[in-house]
Amino acid sequence: MQLRALRITAKALMAAFMILPLLTATLSYSADDDEKEKKYANVKTKQRHAVGQKCGKALERIPELVEQEAWKEAEQVLKDAKGSTCATSYEISQVWNYLGFIYYSLDNIPEAIKAYNNAINEPEADERQRVSTLYTMAQLYFVVEDYTAAAKTLETWMKESEIVGSDAKVLLAQAYYQLDRKDDSLRLVEEALADEEAKGNVPKEGWWSLQRILYYEKKDYNKVIDILKLLITNYPKFTYWSQLGGMYGEVEQDMNRLVAMDVTYLGGDLTEERKLLGLGYMYLGAEVPFMAAKVIEKGMKDGIISRSAKNLELLGTAWQQGEDAKKALPVLEEAAKKADEGNIYARLAGVYLDLGQNAKSVAAAKNAIRKGGVK
């Protein structure tokens, strides 16, 4: 659950989450609205207050300045209004809310957190706005990597919010993961997954990914395999096939591992020497030397696999086991020239013999003995 991705998600959520309620709440409440909205989803409410005429007049420029992204000017207007034209506790809470968004927009996250904290601590702060602001603060704590504060704030929000959605549970699960509370993290992410599946929804990719990491760290590889199958089905990526191959290796299901890695290879997602050679060895182990040779040969042609003595010997061996001595011969000849020991010359002697080149076979055998190290 990568932190960078988490930051991007948090900012995207906040941009949509904060601006609408903050730009409407401050200037839109009136006595009539209080009568129309006396109940707030069975949550304990308190007497609502309205923004006075002077304060409203002072703040009416803020939506326009926000639209223009004139953040510094908006900040100054709010600072001038706080405590003067906006003097009641409720009015000041609205000013702090605005300032929180302004500081966030200026990428000054610590000041944004302070502003929102001041807003919710005002005695006359609107209850609904206070609850929603707690969630915003939790997201901001993630941005500054203060996971302890993020978890504590989310826990408070969950106690006070009438509805706790799956996204919030996973967000807290991410905080618990960072705090090494792995069991709590797994419990929450599985609650979120169960909630979405009960609704007939496909859970988000990142939720399964977090669950996968948690089970991997518990060394429950069979469970990781099940999760990777879900990811491949709903969010098909060759990366997941590669990870699935690795998990099959952990549980010693070699044929399944070969199939998963072959799919990854066919998708063009095996681009490392180590992984391509690994696939080659798997094909040899499955007694499919021709495919091993094709994979290694292409890897060398593409410049991914080096033409070292060891790698060339592997390629030559694959061609030899595939009963294609003509292709094995030049590869093993090149490998023999680079080798320090005689094993490759010994193998080369066998290839010469298969091709009926007896004199060369004898010469290669002598070179093998001279170089030494022959089994």
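Predicted model: local features only at pLDDT ≥ 70, side-chain atom pairs only at ≥ 80, totals over all residues.
Among contacts between residues at least 6 apart in sequence, 54% join residues at least 24 apart.

Next, select residues 205-217, which form helix α12, together with residues 221-234, which form helix α13. How do their axes cross? They come within 9 Å and cross at roughly 165 degrees, and α12 and α13 are therefore roughly antiparallel to each other, since that angle is over 145. The crossing in which α12 passes α13 is left-handed.

Now show the side chains where these two helices meet: on α12, pick residues including Trp-208, Arg-212 and Tyr-215, and on α13, residues including Val-224, Ile-227 and Leu-231. By class, this contact of α12 with α13 has nine nonpolar, three polar and three charged residues.

Finally, move along to helix α16, residues 273-285, and select Leu-277 within it. Is Leu-277 buried or exposed? Leu-277 is buried, because its relative accessible area is 12%, and under 20% counts as buried. Leaving aside residues up to four places away in sequence, Leu-277 touches Ile-305, Asn-311 and Leu-314. Select Ala-292 as well, and you will find that Leu-277 and Ala-292, although 15 residues apart in sequence, are 8.5 Å apart in space from C-alpha to C-alpha.

Note on methods: Residues numbered from 1 in each chain as written. Heavy atoms only, no water. Axes fitted to C-alpha atoms, helices over the stretch in contact; angles between N-to-C directions. Helix = DSSP H or I, 4+ residues; strand = E, 2+ residues; numbered from the N terminus. Parallel < 35°, antiparallel > 145°, perpendicular 65-115°, else oblique. Left-handed = near helix turned anticlockwise from the far one by under 90°. Contact = heavy atoms within 4.5 Å. Nonpolar A, V, L, I, M, F, W, Y, C, P; charged D, E, K, R; others polar. Buried < 20%, exposed > 50% of the residue type's maximum accessible area, 1.4 Å probe, protein only.
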